[in-house]
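Colleague: Could you show me the model and talk me through some of the labels you put on it?

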Amino acid sequence: VQLQASGGGLVQAGGSLRLSCAASGRTSSRYTMGWFRQAPGKEREFVAAFRWRDGLSHYADSVKGRFKISRDDANDMMYLRMNSLKPEDTAVYYCAAKPGNFALGSAWRDRNWYAYWGQGTQVTVSS
């Protein structure tokens with residue numbers, strides 16, 4: 001599968017953005033999907049993930065209640081709605097995919113577990 005992330009930009013603290021991840025092919029329902037981010041000088045960290053088949057989702061504590069994943073089955077699109085953005089949310093955001101529908105577990109948070117990655121999209125939150 002090929003992934004393409006988009007939708008990043010510059011926003012003021014407290015604002016919102018919606019990131020998109022386009023997945024090629026018609027196999028999205030067979031994947032577990034994730035969002036990660038990487039700030040300058042830091043490791044890539046888990047943001048959110050969900051199981052495409054049934055929408056079961058999981059979020060990092062730092063974004064819980066502010067970010068939400070959704071999907072468009074007809075167009076093989078995954079979205080990350082980001083509300084109440086903070087300067088510490090500034091990073092390059094990546095979408096990722098793992099073939100298969102898996103039970104929720106710690107692997108969902110592991111960047112090394114995902115097989116496919118899209119290019120990143122920059123999110124900058126000004127204070």
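Modeller: Let's begin with a pair of strands: β4 (residues 31-38) and β9 (residues 91-99) pair in the antiparallel sense over eight bridges. Keep in mind that this is a predicted model, where local features need pLDDT of at least 70 and side-chain atom pairs count only at pLDDT 80 or more, while totals for chains, interfaces and linings use all residues. Residues are numbered from 1 along each chain as its sequence is written, and side-chain values use heavy atoms, with hydrogens and water left out.

Colleague: What makes β4 and β9 a pair?

Modeller: Two strands pair if DSSP finds at least two bridges between them, and β4 and β9 have eight. One of the bridges links Met33 to Ala97 in β9. Strands themselves are DSSP runs of E, at least two residues, numbered from the N terminus.

Colleague: Which strand has Tyr116, the bridge partner of Ala97?

Modeller: That's β10. Strand β10 (residues 116-117) pairs with β9 in the antiparallel sense over two bridges. β9 is also joined to β11 (residues 121-126), antiparallel, by three bridges, and Val92 stands opposite Gln122 there.

Colleague: Why is Arg51 called buried?

Modeller: Buried means under 20% relative accessible area (exposed is over 50%, partly exposed in between; 1.4 Å probe, protein chains only). Arg51 has 11%, so Arg51 counts as buried. Arg51 sits in strand β5 (residues 45-51).

Colleague: And what does Arg51 touch?

Modeller: Contact means heavy atoms within 4.5 Å. Leaving out residues up to four places away in sequence, Arg51 touches several residues, including Tyr31, Phe102 and Trp108.

Definitions and conventions:
Helix = DSSP H or I, 4+ residues; strand = E, 2+ residues; numbered from the N terminus.
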